[in-house]
Amino acid sequence: MPQPTYTASEAARALGISLDTLRRWDRQGRIRVRRDAANRRVVPAKEVERLRSREPQGLSARNRFPGVVQSVRVDGLLAQVRIVVTEPVEITAIVTADAVGLERGMPATAVVKSTSIMVER
């Protein structure tokens, strides 16, 4: 039987966000939380599920660039993926060869977070 509520840290982990982000979302009204007897945030499981369905694969990165794979070059353990996002802009990501699973012409999304670029299918 699924648990009816999560602590704030459990909910943040389930959503793939930081505890600080969960607190900020609470202040902004983006997430509905309750308070327990000790005034700690408690998040209903239904609220976690609602937000999970809105966040693609649980990622919280703000910068997403949907586009089309221009090329995939595998060299040993790594693969270089070039994605055309909005012509003439291209983003190049270096990922492991095992994780690439992409071909020219496939839709993909470049997810930019900090100094890393992830590729989402």
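**Close-up 1. Pairing of P66 with T109.** The bridge partner of P66 in β7 is T109. Strand β4 (residues 63-75) and strand β7 (residues 107-113) pair in the antiparallel sense, over six bridges; strands count as paired if DSSP finds at least two bridges between them. The model is predicted: local features need pLDDT of at least 70 and side-chain atom pairs pLDDT 80 or more, whereas totals for chains, interfaces and linings use all residues. Residues are numbered from 1 along each chain as its sequence is written, and side-chain values use heavy atoms, without hydrogens and water.

**Close-up 2. Pairing of β7 with β8.** Strand β8 (residues 116-120) runs antiparallel to β7, joined by five bridges. Within β8, M118 stands opposite V111.

**Close-up 3. A nonpolar surface patch.** L77, L78 and I94 form this patch, with about 340 Å² of accessible area together (Shrake-Rupley method, 1.4 Å probe, only the protein chains shown counting as cover for residues). L78 lies in strand β5 (residues 78-86) and is partly exposed, with a relative accessible area of 43% (buried is under 20%, exposed over 50%, partly exposed in between; 1.4 Å probe, protein chains only).

**Close-up 4. The chain as context.** Three helices and eight strands make up the secondary structure (DSSP runs numbered from the N terminus: helices H or I, at least four residues; strands E, at least two). Of the 121 residues, 32% are buried.

Key. Patch = residues over 30% accessible without salt bridge, like charges linked within 9 Å, V, L, I, M, F, W, Y side chains within 5 Å. Salt bridge = Lys/Arg side-chain N within 4 Å of Asp/Glu carboxyl O.
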